[in-house]
Amino acid sequence: LCVASHRFPGSQPVSFDYESLKLLEQEDFWVCEKSDGVRVLVLIVATGFGQEVYLIDRKDAIHQCYWLTFPHQDGPEFNHSNTVLDGEFVIDVDPESGKHIPRLLVFDLLVLDSENLMGKSLQKRYGRLQSYVVKPYEKYQRTLPPDVLANQPFQVVCKKQELSYGIEAVFRDHVPKLLHGNDGLIFTSAEAPYTPGTDQKILKWKPPSENSIDFVLQLKFPPKRDNEREADFYAKPVFMLLMNHGHEGSHYYDTMEVDDETWETWKRSGEQYDDRVVEVVWDAARSTWRLLRFRDDKFEGNYKSVVSSIIRSIEHGVEAEQLVAHAARIKKAWKARQAR
């Protein structure tokens with residue numbers, strides 16, 4: 001991938017704010033729902049034992065996937081190799097049976113058979129993803145017997161995209177049909193190359209009240225009354241949020257409120273809570289950060305510039321109704337560019 005950093009090489013969005021509306025008018029973007037899953041890169045390689053498939057998550061954990069084949073577009077007698085996909089791993093829940101169905105939602109193609117596609121536009125990358133990877137996979141799946149399908153670790157689905165002015169269609173048609181959690185919308189430039197790390201041309205939209213930040217949680221216990229040099233681990237600590245400063249480490253940013261009942265539950269669980277990544281939202285009514293969930297799929301919080309971007313989205317965010325109302329202007333600008 002020719003990435004200098006040792007961090008997870010997948011692209012990361014910036015938060016959506018009022019200025020983002022202008023960007024959607026100026027350039028061609030696509031929009032899709034943001035799934036609440038685990039971000040992964042998919043590595044497909046050929047070995048002397050056949051094709052092998054690996055998932056790589058944001059903690060650099062590598063998971064080999066068996067019983068899974070990505071045949072070549074030229075025929076099932078050939079397989080892809082040295083190929084990298086970008087996607088999100090989700091667990092769908094069947095509303096009738098309650099059965100859990102693991103699925104991999106792929107949405108980008110970085111490398112295809114040793115050809116680096118990162119410099120090409122999303123339109124071209126996504127087109128090859130559909131034609132050269134997903135369609136041959138789907139065709140091959142239809143030839144497999146039930147016992148082989150039953151052994152496969154998950155299903156592979158190409159994530160559906162809309163033109164940026166199709167915002168209402170995503171809210172109306174896509175999101176209600178989801179069998180997994182939704183975490184907002186993602187707008188991606190249809191013209192820009194793939195950029196590892198933070199990408200200013202990928203916009204993550206959430207309602208302002210739901211914008212969240214990932215911090216490292218650190219518990220600071222008060223000293224014992226009879227010995228100030230020792231911490232009182234039976235007392236309730238201060239729940240400190242540490243912000244990622246890159247090579248400088250993580251530094252104090254603010255505190256998070258945890259009620260007494262929750263703290264007692266945590267103590268009884270026996271789990272470790274110190275030094276875990278937490279996703280928090282700002283509770284304006286109580287003027288404090290509130291825990292949404294633990295992010296054990298990550299080992300560090302959001303970088304300081306990302307935190308600043310999210311804070312702007314909280315303060316100058318765009319509600320869903322405003323976003324849908326702006327779609328007409330986005331469409332008009334898009335059509336004007338096409339007519340040139």
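Modeller: R58 sits in the loop that joins β4 (50–57) to β5 (62–65). Helices (H or I, at least four residues) and strands (E, at least two) are DSSP runs, numbered from the N terminus. This is a predicted model, so local features need pLDDT of at least 70 and side-chain atom pairs pLDDT 80 or more, while totals for chains, interfaces and linings use all residues. Residues are numbered from 1 along each chain as its sequence is written, and side-chain values use heavy atoms, without hydrogens or water.

R58 has a relative accessible area of 17%, so R58 counts as buried. Buried means under 20% relative accessible area, exposed over 50%, and partly exposed in between (1.4 Å probe, protein chains only). Contact means heavy atoms within 4.5 Å. Neighbours within four places in sequence aside, R58 contacts F8, Q12, R39, R295, D297, K298 and F299.

One of those partners, Q12, opens a span in the record. In an unreviewed entry, UniProt lists residues 12–206 as "domain: mRNA capping enzyme adenylation". UniProt positions are in the numbering used here, feature names are shortened, and annotations may be inferred rather than shown by experiment. The span is 22% helix and 46% strand, and its end C-alpha atoms lie 15 Å apart.

C65 is buried, because its relative accessibility is 8%. Its closest cysteine sulfur is in C158, 18 Å away, so that pair is too far apart for a bond. C158 is also buried, at 17%. Its sulfur is 10 Å from the closest cysteine sulfur, in C32, again too far for a bond. A disulfide is a pair of cysteine sulfur atoms within 2.5 Å. The count by that rule is zero.

C158 also touches L129, as do L85, V106, F107, D108, L109 and V134, leaving out residues up to four places away in sequence. L129 belongs to the largest nonpolar core, which has 44 residues. Such a core is a set of buried Ala, Val, Leu, Ile, Met, Phe, Trp, Tyr and Cys residues joined through side-chain atoms within 4.5 Å. F16, F70, L85, L129, F187 and L323 touch the most other members. Helix α2 (residues 122–141) gives this core the most, six residues. A second, separate core has 19 residues, including I213, L217, F239 and V280.
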